[in-house]
Amino acid sequence: MANTILVGAQWGDEGKGKIIDVLAERSDLIVRTAGGNNAGHTVFIGPKKFVLHLVPSGILWPGKQCVIGNGVVIDPVSLVDEIDGLIKLGVKVDGNLFISETAHLVMPYHRLLDEQRELRKGKNKLGTTKRGIGPAYGDKAARAGLRMVDLANPERFEALLHLRIKENNEVLKALGAKPLSFAKVHAAYRAAGDRLAPFIASTTVLLHEATRRGDEVLFEGAQGTFLDIDHGTYPFVTSSNTTAGGACTGSGVPPNRIDRVVGVMKAYTTRVGEGPLPTENAEIGDLLHAMGREFGATTGRARRCGWADSVVTRHAAMVNGIDDLAVTNVDGLDTVETIKVGIGYRRGQERYEYVPSDIQVLAECVPVYAEFPGWRTPTHGIKEWKKLPLKCRNYLKALAGLSDSKLKIVSVGPARDQTIFV
Ligand code: GDP
Ligand code: IMO
Ligand code: MG
């Protein structure tokens, strides 16, 4: 398999973890390049469920090298917990995981600031995961961040931490929040630093050498296109570049080493957190929630649900250069009589084929729908494209066409073998 970037084409939780797991079998290295432990990627191996937050999902395949790239923000304490949890479940991590020395750290004051900012916004809150992601990327851009290289150097870390805690405690006090104890933070981060030391590496050089050898790299996207800080529904976004370009800056692998981009979308749309969702629909939400589906893998929040929206996925194909499309959760529509797909937006006399940048304009957009007859038969046991009901194939082909992409993978269940290559 060529060097492949996999991205979410909607608002996250598209089933990237499952598709990564399927594609990882034929890759040598799997690399996370953006986001932090705001991500939750679910993979089933038989009946065993794994939810990965920072560690690339490829870790579940023995012998694969997994990299947490420079573009990721790492909460070291939570990463240690995740690694220990994986080891307890029988996953081999030592020798397979590499952490970029230039990845920035998420600090306890980032989490507290995230919480405070959300609190202060009241009903205008973003609905963040409260993992400190925004403030951590904020410090990175402001050149006030701490990185893995700092954590690996005890003296330097202690000196820098003193300064950062002092400054952030002033801010926290002014906001009415409890200041942090240097000693407590220092002890927890030093312990995590010692535990993570064997994993820290110059991953840019490691990836350079791997691609030069001809090893094949799979870039594991986190979040989704419309949570991208530049291309998403700002300000209702996360704080990193979740689109394909972020895979290069977030790893140090140059664009001319990339061979293809896979976009993952659900057969419908979900979003967790606040912000516009033009095709949101209570009926489909109730149906999916009643099936026990669409509860967040990181925060457990019920996801908002709606019809598939090809304005969104067409836009995603544009900004990511999606070559191949994977459509997941097709089985979620098995009982629906008439399936709708957003094919354009109308706002007064204006018509939009792509997502307008101004979210106030987007909020005034009304989707124009196309309707498709449902197949009304279970798909979860089907293994071949030709065995899928004709109505289902027609729906998926239309969805891919409307999304300016080539349909390549269809997923009809969470398990590895519930995957159909078209
Ligand atoms: P990610 O963040 O993109 O990796 O997605 P999540 O893991 O947060 O959420 C996707 C959910 O859909 C998980 O519970 C997956 O196990 C599940 N899933 C993925 N593909 C399918 C599918 O085709 N059918 C069903 N029923 N579940 C799926
Ligand atoms: P995966 O990788 C879905 C959302 C949050 C919130 C917004 C900002 O599992 O697809 P943040 O904590 O990042 O500052 O929150 O982004 N969000 C996600 N939604 N899937 C994710 O990751 C997400 N990561 C962040 O819900 O609306
Ligand atoms: Mg998720």
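1. A polar contact is taken here as a pair of N or O atoms within 3.5 Å; within protein, one atom must be able to donate a hydrogen and the other to accept it, and residues adjacent in sequence count only if both atoms are side-chain atoms. The model is predicted: local features need pLDDT of at least 70, side-chain atom pairs count only at pLDDT 80 or more, and totals for chains, interfaces and linings use all residues. Residues are numbered from 1 along each chain as its sequence is written, chains are lettered from A and ligands numbered from 1 in the order in which they are written, and side-chain values use heavy atoms, with hydrogens and water left out.

2. Polar contacts of ligand 2. A polar side-chain atom of Thr238 lies 2.6 Å from an oxygen atom of ligand 2. For His41, a polar side-chain atom is 2.7 Å from a ligand 2 oxygen atom, and for Asp13 a backbone N or O atom is 2.8 Å from an oxygen atom of ligand 2. The protein covers 97% of the 540 Å² of accessible area that ligand 2 has on its own (Shrake-Rupley method, 1.4 Å probe; for residues, only the protein chains shown count as cover).

3. Shell of ligand 2. Ligand 2 is surrounded by 20 residues, the closest being Asp13, Lys16, His41, Thr129 and Thr238; a residue is near a molecule or strand if one of its heavy atoms lies within 4 Å of it. This shell divides into seven nonpolar, 10 polar and three charged residues. In this classification Ala, Val, Leu, Ile, Met, Phe, Trp, Tyr, Cys and Pro are nonpolar, Asp, Glu, Lys and Arg are charged, and the others, Gly among them, are polar.

4. Backbone of Asp13. Asp13 is found in the loop between strand 1 and helix 1; helices (H or I, at least four residues) and strands (E, at least two) are DSSP runs, numbered from the N terminus. Phi of Asp13 is near 60°, a positive value in a residue other than glycine.

5. The largest pocket. Ligand 2 sits in the largest pocket, the criterion being that more than half of the atoms of a molecule lie within 2 Å of the grid points of the cavity or pocket. On a 1 Å grid over the protein atoms alone, a pocket is an open set of points with protein on both sides within 12 Å along at least five of seven lines, a cavity is a set of points where a 1.4 Å probe fits but cannot get out, and lining residues have an atom within 4 Å of a point. The largest pocket holds about 720 Å³ of space, where a volume is the space filled by probe spheres set on the points, and grid points are joined across faces, edges and corners. Its lining has 37 residues, with Gly127, Thr128, Thr129, Val237 and Thr238 nearest the centre. Helix 3 (108–121) and helix 4 (133–141) are the elements that give two or more residues to this lining, and helix 3 gives the largest share, four residues. By class, the lining has 13 nonpolar, 15 polar and nine charged residues.

6. Contacts of ligand 1. There are 20 residues around ligand 1, of which Lys16, Gly17, Thr42, Asp331 and Ser411 come nearest. Oxygen atoms of ligand 1 lie 2.9 Å from a backbone N or O atom of Gly15 and 3.0 Å from a backbone N or O atom of Gly413. An N or O atom in the side chain of Arg293 is 3.2 Å from a nitrogen atom of ligand 1. Of the 580 Å² of accessible area that ligand 1 has on its own, the protein covers 90%. The shell comprises four nonpolar, nine polar and seven charged residues.

7. The second largest pocket. The space taken by ligand 1 is the second largest pocket, with a volume of about 610 Å³. Among its 27 lining residues, Thr42, Phe44, Arg303, Asn329 and Pro414 lie nearest the centre. Strand 3 supplies the largest share of the lining, four residues.

8. Of the 15 residues lining the largest cavity, Thr33, Gly221, Thr242, Thr243 and Ala247 are closest to its centre. Separately, Tyr234 and Pro235 are joined by a cis peptide bond with omega of about 5°; Pro235 is found in the loop between strand 10 and helix 9.
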